[in-house]
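The sequence and structure are shown first.

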Amino acid sequence: MAQGVIDVHSHIITPEFLSALESEGRLMDEGFPLPTYDAEAHLRWMDEAGVQTSVLTLAAPQPKAHPLTSSPKGKGEACGEKSVIRLCNEEAAKLKHEHPGRFLFCAALPLPDVDAAICEAIYALDTLKADGIKLATNVQGLYLGAPELDTLFAVLNERRAVVILHPHRPEPVNRQVMQQTPLAMQEYLSETTRAVSNMISRNVLARYNNIKVVVPHCGAYLPLAIPRMKSLVPVMQANKMVGDIDWGANLSALYYDLAGAHSPEVIRMMLTITTPDHLLYGSDYPYVAPQVLTHSLQRMQHYLTTEPDLAPYKEMILHKNAEWLFGMSKTKPAYDTDNGKMICRLAEIEVYPEFLSEYLKYANEVDRQSVEREPGVICLFPMQSAEDSTQIRILEIYASEEAYQSHIKTEHFLRYKQGTLHMVKRLNLPAMQPLDPEVMKLIFKKQR
């Protein structure tokens, strides 16, 4: 178990939580029934799957913040009163205490009452020794990034808190659409993207830069949304809708769990907006059947072993990144960004015939701009099969891993990537190992 997986995305569903939702008539607020939760069953699955530690967070929807005892202040939850959320946090703390090393938890807060949320955050972090805070994307229409939440973020910043986000039902919502297209299928991804984008637009994570935020479900739509957001910001600034945005500080605060539809392709897409030390394993227990979760984890372990470009990050993703993030290890995971070795790859691309001419324009433009503007891009040389013009091969040579990671974050590459997504029928990126690296260096020393 010493090298067991750390699961940063699992949910606790307590009897008090269910009773509160039932009394409010809100058991189906998220459009589907809540699963049952049993800690012993959770531990059995963890043992079977090889999960060492699970981080518990309260499931959606958010219970009302009313106290179980009368409030003399007449608003929300006064500090120290026993609200439903307090009982849920105490139950999670109890599980952590009873099963050392197996459970961590991020405490829920009684939003939208900000004063009560601050009280609960202080109690949970200081007294219950919570490992972080769970925040919903919105509670009753109060979205993350709203100015009203700045005082709460200031408290979390002082305590260098880890914050785990989770999407909740948006307000308002079309219930017929929600029934036909469940929230978990699409709107949850929109909700997460909406909340994170709102925080970025107000520089929340840059201003409160001691906070680390875990974004769920493979980053939702952020790999697509962030390049688009960057392209729109100048127009928004010209119309005085937003000010300057510190992209580096905001994005460096974001970590991403891989709960949901993970795959090698999804991870590669996420690496266009983040780095390998910010990726974390997540299961979404108990919302998915245990046998499905076990198979999903085994599949992840397989491709993190067999995919050459991802294999160096296997232990980081499965446990090392989470160990550092939650203070289980004092050593920040490091990945080799510049080991002096050139990266050589032959990208194999098949283009839909109707988009061929347009694709070639994109490819020629990005290849020329990359070689001209980026010192670390040694070669990007597209070639077209003489037998089948839709078969494109691009010889890619980068000075180092760092040069490659820098390249895939450039505006011209992101413009190419987003502009040609619908044109590409098949993409394969096999890593190539030069037989004699020293000869490769000699090639680039030769004069024309």
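## Arg169 and its partner

In this predicted model, Arg169 has a relative accessibility of 11% and therefore counts as buried. Its side chain forms a salt bridge with that of Asp29, with an N to O distance of 3.8 Å. Asp29 is situated in the loop between α1 (15-23) and α2 (39-49), while Arg169 belongs to the loop between β7 (162-166) and α6 (175-180), so the pair ties together parts that are 140 residues apart in sequence.

Asp29 is likewise buried, its relative accessible area being 11%. Both values fall under the 20% limit for a buried residue.

The side chain of Arg26 meets that of Glu24 in a salt bridge of 2.7 Å, taken from N to O.

## A partly exposed pair

A further salt bridge joins the side chains of Lys320 and Glu315, at 3.2 Å from N to O. Lys320 is partly exposed at 35% relative accessibility, and Glu315 is partly exposed with a relative accessible area of 40%.

## Overall count

Side chains of opposite charge can pair when their charged atoms come close. With a cut-off of 4 Å between nitrogen and carboxyl oxygen, the model contains 21 salt bridges.

Methods
Residues numbered from 1 in each chain as written. Predicted model: local features only at pLDDT ≥ 70, side-chain atom pairs only at ≥ 80, totals over all residues. Heavy atoms only, no water. Helix = DSSP H or I, 4+ residues; strand = E, 2+ residues; numbered from the N terminus. Buried < 20%, exposed > 50% of the residue type's maximum accessible area, 1.4 Å probe, protein only.
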